[in-house]
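Please have the sequence and the model open as I talk.

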Amino acid sequence: MQMKANFVTDTPDIRYHLTRRINFQELFDGLTAEEREVSGCSTADEYRDLVLTSLETLGELCGTEIAPRAAQVEKEPIYLKDGDVVLPPTVVDNVQKLLQLGAASLSAAPKYGGMGLPFLVEACANEVIMRACPSTGLNIVWFGGISAIVEKFGNEQIKDFVMHRITSGEWSGSMALTEPDAGSDLGSLRTYGEQQADGTWRLYGSKRFISNGNSQVCLVLAMNGKGVKGLNNLNMFLCLRKPPYTLDGKDDPKVTYNYTVNKIEDKLGLHGSATCELNFDGSVAYLVGENGKGFQHMLHLMNDARIAVGFQALGNMEAIYRLAKDYCEQRKAWGVPIAHHEMVAEKLLDMEVDTRALRSMCYQAAYNQSVMYQCEKLLEDKTLSDERRHEIERKAGVAKKRVRKMTPLIKWYGAERAIKMSQDCLALHGGYGYTREYKAEWWVRETPILAIYEGTSHIQALMCVKDTLKDVIRNPTKFVETSLGLRVQALRPGDGLRKKLYRAKQLESSAIMSLLLRLLKTNVRETISEVKPTDLLRMVKILSRDLIKMENVGPALLHAERICEIKSLVTLAQCLVWDAEDDPTRAIYAERFLNKSWPRLNQLKLEIETEDSVLQSRLDAYRDEAPEGATRVAG
């Protein structure tokens, strides 16, 4: 008889965040009349209970049926047959069970067959599924992700043709960005579209490393003409793989596949998910959104996907921590479980604390993303009073700013920490960890993708440092005043956790200041005192005025990952402190995280300030060799 397990009820941290840290009254108030009717709820408490019950049902399916079969998914082959992808039968069965729970229709509008649930619910579901079986998760996430973009940017004809088929689970989707010779450099894509007399487009080119590339609905990022370059020439196209592949029913009976799957990648992990190379040779496609705005439209999908990867990392970390803990509590050495030995105990504690920290930030990011999307829907109402419109716009602006800050941090930290945790878990298993008999080596192979797809860790770091510099440029006085104010806050007597948090924030501010000083020294002949407020303000104003003209932004690029790690650690600590202030029993997690982070924050700041002539000479040589006009930073 199969043992029952539930991946939601066995994790009280999930219920804590949904009941104590998420404002369901605000989410309930943000529902449209149609969404509220479909939910069947008349109060925010009823709505919260509906969400919890739905997630607990999912948790039981994942814990009882999907997780125990993850090893079987690994063993079953995935292959091409007559131009189509044959998925492992266990994955197919897993997906069908999830579709029966409504996994394809969680966030879509009710008029298209969806439940109209907030983005947060879909993100929470992603954590639970990815804990059970990442391959299954990669086969299910594209229903909601693609339907959200089609619903937001597609015209009525596209939505009427596609949406119901996605929400019913008949069609899944994929996002085709990467090309063999262009990864993150989207401005250099070669795939292009040619507009036809009837308003349709024909696509030409190839895409590689496309997750779920065997889907029926493919959103393709391609140039709007042959031979053109640059982000402003990118379009987002909808391309359907098999008949019916035209919206007006004029399919060519001789065409079996509108675009083809050339190969399935043989990967390190995620063996039950098809990562495909696609070929477009005159494929019929439809423009989604505006001509030349494809990059901006695709960012919406990428932002959601990056948060989703953070939740995937969270699910992986929860599974890895439990695997390590269970083994270390059972395995004995010198008469006691190895979990009681000092070094092992510390590793297990930090796995637990880091998982809680990431969950706290993930839930806050997904909640704010939900608020932002709800505000966008409410603003479509033309009958809103000016006062109400301004109120909604203000709320949307606050939520958007928070999401913008947290997204690269979630993606970067979640990926890097999950990978490190999987390696530690394997090491804690000793020789057994290196064998297929235990699951530790499996997680070592499942986690590296987190740092690669939906924007590599390096891209997240560049986004983070770019936004950091923009914030300084937009309001230099506020930056200096905040920096000086944090110094005072860190010295004041008061709550111990708050003091440690202010100290960490002050170090973050000081590290950014060090980076600004490096930029100034590299580009402008100025003498600046780091302790004089007037000098600091003068430095920031110089940078605010001249940063865009600076020839060498190398220090910002070189230290982007260090700044990203600093901001990640401080933001995670902030989330844990908020949790502790809500529930004092959680103070131990915030305190441990701050205690552990403090030496690392100091080390990162020191690395930013350290001059390395050997590295600098190498970088100078590369810069001298670069062709004229070459760009060094995406976006």
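This is a predicted model: local features need pLDDT of at least 70, side-chain atom pairs count only at pLDDT 80 or more; totals for chains, interfaces and linings use all residues.

Let me begin with Asn 212, which has a relative accessibility of 3% and therefore counts as buried. Asn 212 sits in the loop that runs between strand 5, residues 201-211, and strand 6, residues 217-223, and its phi is near 60°, a positive value in a residue that is not glycine. As a reminder, most residues other than glycine have a negative phi, and most peptide bonds are trans.

Glu 454 belongs to the loop between helix 13 (440-446) and helix 14 (457-474), and because buried means under 20% relative accessible area, its value of 12% places Glu 454 among the buried residues. On the peptide bonds, I would point you to the one joining Pro 243 and Pro 244, which is cis, with omega about 0°; Pro 244 lies in the loop between strand 7 (234-240) and strand 8 (260-264).

Staying with the strands for a moment, Glu 277 is part of strand 9, residues 275-288, and at 17% relative accessibility Glu 277 is buried as well. Beyond its neighbours up to four places away in sequence, Glu 277 touches Lys 207, Arg 208, Thr 260, Val 261, Asn 262, Lys 263 and Glu 265. Of these, Thr 260 is 17 residues away in sequence, with a C-alpha to C-alpha separation of 8.4 Å.

Taking Leu 219 as an example, its contacts beyond four places in sequence include Ile 146, Ile 149, Val 150, Met 236, Phe 237, Leu 238 and Val 288.

I turn now to the helices, where two packed helices are described by the angle between their axes and the distance between the axes. Helix 1 (residues 12-21) packs with helix 4 (residues 44-66) at an angle of about 165°, the axes being 11 Å apart, and the two are therefore roughly antiparallel. The crossing of helix 1 past helix 4 is right-handed. Helix 1 contributes Arg 15, Leu 18 and Thr 19 to the contact, while helix 4 contributes Arg 48, Leu 52, Leu 55 and Glu 56; by class, that gives 3 nonpolar, 1 polar and 3 charged residues.

How do helix 10 and helix 12 cross, left-handed or right-handed? Helix 10 (residues 294-330) and helix 12 (residues 386-428) have axes that come within 8 Å and cross at roughly 25°, which makes helix 10 roughly parallel to helix 12, and their crossing is left-handed. Their contact divides into 17 nonpolar, 5 polar and 3 charged residues.

I will finish with Ser 105, in the loop between helix 6 (89-100) and helix 7 (119-132). Ser 105 is buried at 7% relative accessibility, and outside its sequence neighbours up to four places away it touches Gly 113, Gly 114, Met 115, Gly 116 and Thr 167.

Terms used: Residues are numbered from 1 along each chain as its sequence is written. Side-chain values use heavy atoms; hydrogens and water are left out. Contact means heavy atoms within 4.5 Å. Axes are lines fitted to C-alpha atoms, for helices over the stretch in contact, and angles run from 0 to 180 degrees between N-to-C directions. Helices (H or I, at least four residues) and strands (E, at least two) are DSSP runs, numbered from the N terminus. Angles under 35 degrees count as roughly parallel, over 145 as roughly antiparallel, 65 to 115 as roughly perpendicular and the rest as oblique. A crossing is left-handed if the near helix is turned anticlockwise from the far one by less than a right angle, and right-handed if clockwise. Ala, Val, Leu, Ile, Met, Phe, Trp, Tyr, Cys and Pro count as nonpolar, Asp, Glu, Lys and Arg as charged, and the others, Gly among them, as polar. Buried means under 20% relative accessible area, exposed over 50%, partly exposed in between (1.4 Å probe, protein chains only).
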